[in-house]
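Me: I have a structure open and would like to go through it slowly with you. Could you help me read it?

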Amino acid sequence: MADFAYSDLLPIGEDTTTYRKLTDEGVRTVEGPGRRTFLEIDPSALELLAKTAMHDIAHCLRPAHLAQLRRILDDPEASNNDKFVALDLLKNANIAAAGVLPMCQDTGTAIVMGKKGSQVLVDSPSAPDEEALSKGIFDAYTELNLRYSQMAPVTMWDEKNTGSNLPAQIEVYADSQPGHETTYKFLFMAKGGGSANKSFLYQETKAILNPKRMLEFLDEKLRSLGTAACPPYHLAVVIGGTSAEFALKTAKYASAKYLDELPTTGDAATGHGFRDPQLEEEILELTRNFGIGAQFGGKYFCHDVRVVRLPRHGASLPVAIAVSCSADRQCLAKITPEGVFIEQLETEPAQYLPDVTEAHLIEAGGDDLSDATGAGSTGKGAAVEIDLTRPMPEILAELTKHPVKTRLSLTGTLVVARDIAHAKIKERLDAGEEMPQYLKDHPVYYAGPAKTPEGMASGSFGPTTAGRMDSYVKQFQAAGGSMVMLAKGNRSAQVTEACQEYGGFYLGSIGGPAARLALDCIKKVEVLEYPELGMEAVWQIEVENFPAFIVVDDKGNDFFATTAKPTAMTITTRPGLS
């Protein structure tokens, strides 16, 4: 019989976070029974903390994340497409840090995880802590240039946007650890739909618990993540779990670096979870050989990898995968007797911008960029300029000259339509009506804007995930619409087949730099149809030098099709493993 032994399931080590102090108002200590010291917190302090956190993570990134983007630019092995994406994301971070335009138009679902010490009291006898945190989140989303994305179910089949981005996902846990009695700790996240949709659970068996089979398994599954969630990713893989939901939640926390201080070895007596840094490096190297890169070819599919091994029931082996995208939005916070503190994010990201410019990258060229040059371009790898004011047949005639992965610069008119607008147009086609002329005359951009700041032409306005519109493409192209589509991420075979049959194209936009697109590329925005749908309306926008890449052409070529196939691997066994 085993002796009793206890450890936290996830024994997180010392907190090394750099914090800044918001206030010490609304926080005080009081003496309670048994001369114990209690921390008493006014609800206003929770409101301030939540509001500040949602502001900060919408506009600022961690220094480590920015340093990783810079390393791509400094890496001689990085493809030029990797570098173009990294440079655009750094420019975007610099614009977003001004606090006006959020870094991504999908400002996410607000998620809060709190750990409340046993002697923490919130001075609100008639309302839960979650209400004060929700009020702070409400204030942030309604007062800032953030987007409302939460759909309230009215009936089983009918929904309505809440108009405030509430409800938030708030989970508060009791923290009974010695030394934590008067501390209230938090993890704040804003999770966009693109990265949230790339959370996966696989129910496997012990058969994959060996190095060769595990990496073969991950080679297949990680390729299927595609680029819709805006890589380079912070990738998390969790192997094991006392339940499926715990494995998934652990993967989410690991992708946010919340579990970085876990131990790196296991314990047969307690069974606690641990990180495996060596397997992390092996998986990172695996992803660098995919060829997917930072969206359009290269090695930087991932910035880094976190692998957490958990205990499991002998009959179950959950494997969970999650990512944090280029909008790496999370921060830690805490309330202690000394005051209210929040993680210090980088407010001056310009220091990570290199001397290298887009012109330097064009001059360098590279096999990953097209050799074709268009009007006004100079040198190998320069973007092909596409005039969107020309009739659609002329736009198609220009695009057909260039291979997939060709980098483009778009100037002219785009029509913006996404999920609900596509559903409504399909209803019209099914009823025998004509395809709207605007979808025949102009490329369609799958996107939905954040709020427009006063005095600006546009709010943050980056691309949404293309795959959600795949089922419409054949019908729309057969009716003469959606001949050129612009969005982020990979598409299904039905899109490639439709483009080959009808002569269409899918162009990939860089996922992530929504603030830069709004400031530098989008010059005019107006509603064309369905204004009652808010950000889901059909819009017409005028763009200049809007960056894109040919991903699917009219000849049946799809850049991502070649990167989706697992490769045969020879994997050596790590020392000490049999």
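Me: Let's start with β11: how many of its residues are buried?

Reply: Nine of the nine residues of β11 are buried, so the strand is mostly covered; buried means under 20% relative accessible area, exposed over 50%, and partly exposed in between, with a 1.4 Å probe and protein chains only. Please keep in mind that this is a predicted model, in which local features need pLDDT of at least 70 and side-chain atom pairs count only at pLDDT 80 or more, while totals for chains, interfaces and linings use all residues. Residues are numbered from 1 along each chain as its sequence is written, and side-chain values use heavy atoms, with hydrogens and water left out.

Me: Which strands does β11 pair with?

Reply: Strand β11 (residues 233-241) pairs with strand β14 (residues 317-324) in the antiparallel sense over six bridges, and eight bridges join β11 to strand β13 (residues 302-312), with these two running parallel. Two strands count as paired if DSSP finds at least two bridges between them, and the strands themselves are DSSP runs (E, at least two residues), just as helices are runs of H or I with at least four residues, all numbered from the N terminus.

Me: And which residues stand opposite each other there?

Reply: Towards β14, V237 stands opposite I321 and A236 stands opposite A322, whereas towards β13, H234 stands opposite D304.

Me: What is the order of strands in the sheet?

Reply: Five strands form an open sheet in the order β10-β14-β11-β13-β12, and the pairing is mixed. The edges are taken by β10 (200-204) and β12 (274-275), each of which has a single partner strand, so one side of each is left without a neighbour in the sheet.

Me: Changing topic: is T250 buried or exposed?

Reply: T250, which is found in helix α7 (residues 244-255), is buried, with a relative accessible area of 1%.

Me: What is T250 in contact with?

Reply: Leaving aside neighbours within four places in sequence, T250 is in contact with L10, V238, L259, V308 and L310, where contact means heavy atoms within 4.5 Å.

Me: Now the whole chain: how many helices and strands does the protein chain have?

Reply: The protein chain has 16 helices and 23 strands, and 56% of its 578 residues count as buried. Among contacts between residues at least 6 apart in sequence, 77% join residues at least 24 apart.

Me: What box do the C-alpha atoms fill?

Reply: Taken along the principal axes, the C-alpha atoms of the protein chain fill a box of roughly 80 × 60 × 50 Å.
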